[in-house]
Amino acid sequence: MLQTVSEWLWWERLWLPENVSWSDLEDSEGRVYAKASQLYAALPCALCMLLVRYLFERYLAAPLADVWEIRDRVRLTAAPNPVLENYFCDLLFTCSHLSQQMADVTSLCKKTSWPERRVQVWFRRRRNQERPGLRKRFCEASWRCVFYFFAFVYGVLALYDKPWFYNLKEVWAGFPKQSMLPSQYWYYLLEMGFYSSLLLSLTFDVKRKDFKEQVIHHIATLTLLSFSWISNYIRIGTLVMAVHDSADILLEGAKVLNYAKWHRTANAMFVVFTFLFMLTRLVIFPFWLIHCTWVYPLEEFAPFFGYYFFNVMLLVLQMLHFYWAVLISRMLYKCIFSKLEGDDRSDAEEDDSDSPMERNHKSSHINGSGARGRANGH
């Protein structure tokens, strides 16, 4: 049975165009082709990434946070209460929304013999305990900013002298019999190790409101990279990676500066990031790269399963781009017309005095006050 599954999984018509077989992609005459077995190197690379990240955050990002006086807010600890603690853990496990907790306050008051106000304050403090501190956010953003910067620089160095960087039709010249270059191998390994490390670190990374979309993005990215590696879609794969990394540098850099309270510089960088994001993700990616994978291959070979699969995965990424474009547009609006406070994808910390309605409008109230202050010349 395993042999049957293996034969079906590696059926040539799934991965390769018609009249091309795996034997055609065996190393010969100085040509070296990508092999599926090389993908196993992504796991040890991911573990190395986690180690490098740990060292970076501890010995570089944390001291930098001290220099910029980035400190966590002092948080009040929720009083021990087994009933509320069990209920709170159940909410976390089931990923229930805050409204579910609010609906059960009356029942919890009866079980604990606490007044409603005390139960609400307990939940606010307990939720704050689960939220990552400012220093953790700073360290995480610093690591991503540094990675995206070096990955993008490496990608440009690996691509700038290649003909397909300037003429996308060259991506498919001689496909799939295209020899793999050492620079492409290390670029893929670097990116796959990074995104694999993000999946491995999900449990202790900052969890944002778009957590599910982030997971889908990482899985789609790894699936695309793996498939493009096996099917020798490496040229277009490197272009897709470079386009994505370019804007992410500015996003993480803006977060770092915002946490350091360099708000004007952070806002300026965020504005530049927004325009670069819209250009690369909503213009270049769909109208250049997806067009390159959807139209140009048909001039070289007949469509096959891999052709459709690869393009569908690119469309999944494009849908995520539209989703994030909406979030980014909202943040840009705050950045220009009021004051950008952190990241719209993150939950704001709650004060004991916050009511449910106050919490929902806390961010807009702060931003509005900041805008009014500047309008009045303060």
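Trainee: What is a pocket here, and what is a cavity?
Mentor: Both come from a 1 Å grid over the protein atoms alone. A pocket is an open set of points with protein on both sides within 12 Å along at least five of seven lines. A cavity is a set of points where a 1.4 Å probe fits but cannot get out. Lining residues have an atom within 4 Å of a point. Points are joined across faces, edges and corners, and a volume is the space filled by probe spheres set on the points.

Trainee: Before numbers, what are the ground rules?
Mentor: This is a predicted model: local features need pLDDT of at least 70, side-chain atom pairs count only at pLDDT 80 or more, and totals for chains, interfaces and linings use all residues. Residues are numbered from 1 along each chain as its sequence is written, and side-chain values use heavy atoms, with hydrogens and water left out.

Trainee: What volume does the second largest pocket have?
Mentor: About 230 Å³. It has 13 lining residues, and F165, L239, A242, V243 and I284 are the closest to its centre. Helices α8, α11 and α12 (263-294) each give two or more residues to that lining. Helices here are DSSP runs of H or I with at least four residues, strands are E runs of at least two, and numbering starts at the N terminus.

Trainee: Which classes make up that lining?
Mentor: Eleven nonpolar, two polar and no charged residues. Nonpolar means Ala, Val, Leu, Ile, Met, Phe, Trp, Tyr, Cys and Pro; charged means Asp, Glu, Lys and Arg; the others, Gly among them, are polar.

Trainee: And how many cavities are there of 30 Å³ or more?
Mentor: Six. The second largest cavity has a volume of about 150 Å³. Its lining has 16 residues, with T221, L225, V240, M241 and L317 nearest the centre. The elements giving two or more residues to it are α9, α10, α11 and α13. By class, this cavity lining has nine nonpolar, five polar and two charged residues.

Trainee: Switching to rings. How many aromatic pairs does the structure hold?
Mentor: It holds 30. Rings of Phe, Tyr and Trp (its six-membered ring) pair if their centres lie within 6.5 Å. Planes under 30 degrees apart count as stacked, over 60 as edge-to-face, and the rest as tilted.

Trainee: Why is the pair of F56 and W143 tilted?
Mentor: Their planes sit at 55 degrees, so the pair is tilted; the ring centres are 5.9 Å apart. F56 is in α3 (residues 42-67) and W143 in α8 (residues 134-159), so the pair ties together parts 87 residues apart in sequence.

Trainee: Are those two buried or exposed?
Mentor: F56 is buried at 13% relative accessibility, and W143 is buried at 6%. Buried means under 20% relative accessible area, exposed over 50%, partly exposed in between (1.4 Å probe, protein chains only).

Trainee: What about F227 and F309?
Mentor: They form a tilted pair too: 5.1 Å centre to centre, 55 degrees between the planes. F227 sits in α10 (residues 211-230) and F309 in α13 (residues 305-337), 82 residues apart. F227 is buried at 5%, while F309 is partly exposed at 26%. Both belong to one aromatic cluster, whose members include W15, W172, F175 and Y233.

Trainee: Where does R118 lie relative to W114?
Mentor: Over the ring face, at 3.8 Å from the ring centre. A charge counts as over a ring if NZ of Lys or CZ of Arg is within 6 Å of the ring centre and within 35 degrees of the ring normal.

Trainee: Now backbone. What is the peptide bond from F175 to P176?
Mentor: It is cis, with omega near 0 degrees. P176 is in the loop between α8 and α9 (182-200). Most peptide bonds are trans, and most residues other than glycine have a negative phi.

Trainee: Which phi does N19 have?
Mentor: Near 70 degrees, a positive value in a residue other than glycine. N19 is in the loop between α2 (12-15) and α3, and it is exposed at 71%. N232 has a positive phi as well, about 65 degrees. N232 lies in the loop between α10 and α11 (234-259) and is buried at 4%.
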